Amino acid sequence: MEIDRLDGRKANQLRPLACSRNILNRAHGSASWTQGDTKVLVAVYGPKAGTKKNENPEKACIEVIWKPKSGQIGKSEREYEMIVKRTLQSICILNINPNTTTSVIVQVINDDGALLPCAINAACAALVDAGIPLKHLAVAICCCLADSGYIILDPTKLEEQSMKAYAYLVFPNSILSVRPEGSLKVQGEPMEHGVITSGTQGAMSVDDYLNCLERGRAATAKMSTVLRRNLQPQIASDLSKAG
Amino acid sequence: METRLANSFRLTVNEKKFIETALQSDLRIDGRRPFDFRNISIKFSREEGSAEVQLGQTHVMAFVTAQLTQPYKDRPNEGTLSMFTEFSPMADPSFEPGRPSEAAVELGRVIDRGLRESRAVDTESLCVLSGKSVWAVRVDLHILDNGGNLVDAANIAALAALLTFRRPECSLGGEDGQQVIVHPPEVREPLPLIIHHLPIAVTFAFFSNESTVVVDPTHYEEAVMGGRMTATLNANNDICAIQKAGGEGVLQSVIMQCLRIAGQKAYDITTKIKNAVESYNTERALRKIKRHPSAVALDISGAGVNIGKNQNKPLKGDSERSNLTSEKSVTDQSMDIEGEAKSSEQQQTNKIDGVSKNFIGGPSSWDPYSAGVNSDFLKASLASRGMTMPSRKEQGSRGENMSGEAKPVDPPEDINVSSSNIEAAETVLRTNGERTLQDAVKPKNKRKMKSSSTSER
């Protein structure tokens, strides 16, 4: 059954993506990610000495600060911080700079649905801009489940609120390999089939969730190409920002 | 403790000496003269009441929101204006999250004083029901990048956001006339705030040798300076506030000279802000005109042409979607969000594709975060699709005349309509006055028209 989306998109169609890097001058790395009307700006300050009290000093630590557009900072901001932190921890190589803290500051500029995936994509691009060593990139996507069992991707805020359930998923970005073996395989399955982070809201059946996973995975292929194109090194524009 | 030391910005002795020596010969390290401001760029986003200001490398965003609350007991007839300043840790490695630092509190107070004490924002007009219900306007300032002189940049951002903010109209109703009804923006046009004058903050930095004064210090100069003074003036040369908190002692004559210079700067900056707000308002009005049914005829025939284009890439599919949404945005004003989303999407696709092939509607679609579209190229591409250019221009001028009117008007007759289906769709879309849910649902005949025009190709 076809669902008519408010802005006329098809179920599998994403909003237009835009990513820009190196926006801020003081921050070591910065990126902004726009999905339709949702826009998030992330700044990264590279490894600083020392870790927090509860963190393991043998590894590098990532600190995430989430700044909402307006209003007080509350529990939901803390939750977002925790989710972004855990996601980034799994893609960063934490053994390289032990006993250091990398700060990731997320600023919400506009929220029109799929906020957390947008923030994770932006954080990934900002980490690359700052030159923090990563194992691989991550692409995040949000899927919504309608009452009829129909799945739509990349919902707007209105769609998110009216749907039965939604899930945001973060997949690892495929490694583009020059070796003839092709993509990396983990225990026989290609690496892209892994799931880094998954969060759901609302009740959905197991089959629906697996459908979401498949749709999300297919869509992230397109997002990966946008991300990769944007992160190609720009000639003579990446200046050292140690000051 | 170690981490804090590592975070703070320390200039070396050599750098300090270099800056000071250069200033003695009236040279600043970024090449400006002592009393030159950096480039100010003011951008607005689709949403009302949000402004982004760049003053050289300093980057500030302001968001304005309003809520109905109870007034203060000692001022039952006045609304409230409150400023919340966030020194985001992304602006400077030494900004810590959590409790606002001294500098953050001082910045908030200076801007607040400039607006409130000088009565720049009219708070009495924010009263809805005396003693019970008033509008509380809240300005959130986010400092994104600290390139020096945060006070001035934040002040400009706050003013720009307040000037473009629109609050919903509300009226009194209910049995005893005591109930406040807030009208949503689709029903009644939201109102701007009444702002009497614009208090502009101008910051001066004093250095230890021979009363050297500079305007608009960068963060390097701020690390070297001995004292600073912020003077808030408006374009009429009225002093709204002066803040000089400690620091170097300065001669009276120097202060007077600073105030004179501040007067000139305030005038310049006021004109800049007013121009930026004007152009934003005209864009906004044009966007509203675009929802006019007379513009629909053009869009539909455009839709017929564009469908035939290559739709393999999902991003290109935006063109099809955007054409249909432009029609829909005419029929239902509450779909304004979509209409605006369309324009931003078009700009985004332009960004990604690099060429604006699938553009509908004129230069009224805009997105401050991407490059502008060459309107000549647009008109040329539209003309090449067989649409008559003079009729378009005529529409544009007619659109300007009818700013603010929401009543639909007969479309001009000299537009060549290719198929009878399009005319049928026109009459469906030209609904009078009330818009119902019926209009929100995509009418079926549009889909038929689309399929028929694809079959034509």
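## A buried glutamine, a helix pair and a strand pair

A:Q107 touches A:V40, A:L41, A:K67, A:P68, A:K69, B:M90, B:H142 and B:L144, leaving aside residues up to four places away in sequence; contact here means heavy atoms within 4.5 Å. This is a predicted model, where local features need pLDDT of at least 70, side-chain atom pairs count only at pLDDT 80 or more, and totals for chains, interfaces and linings use all residues. Residues are numbered from 1 along each chain as its sequence is written, chains are lettered from A and ligands numbered from 1 in written order, and side-chain values use heavy atoms, without hydrogens and water.

**Around A:Q107**
- You will find A:Q107 in strand β5 (residues 100-110) of chain A.
- A:Q107 is buried, at a relative accessible area of 1% (buried is under 20%, with a 1.4 Å probe and protein chains only).

**The helix pair in chain A**
- Helix α1 (residues 75-91) and helix α2 (residues 115-130) of chain A have axes that come within 11 Å and cross at roughly 45 degrees.

- Strands β11 (residues 200-207) and β12 (residues 212-215) of chain B run antiparallel, joined by 4 bridges.
- B:A205 has B:V214 as its bridge partner in β12(B).
- From β12(B), B:T212 and B:V214 point one way and B:V213 and B:V215 the other, and all are buried.

Terms used:
Axes are lines fitted to C-alpha atoms, for helices over the stretch in contact, and angles run from 0 to 180 degrees between N-to-C directions. Helices (H or I, at least four residues) and strands (E, at least two) are DSSP runs, numbered from the N terminus. Buried means under 20% relative accessible area, exposed over 50%, partly exposed in between (1.4 Å probe, protein chains only). Two strands pair if DSSP finds at least two bridges between them.
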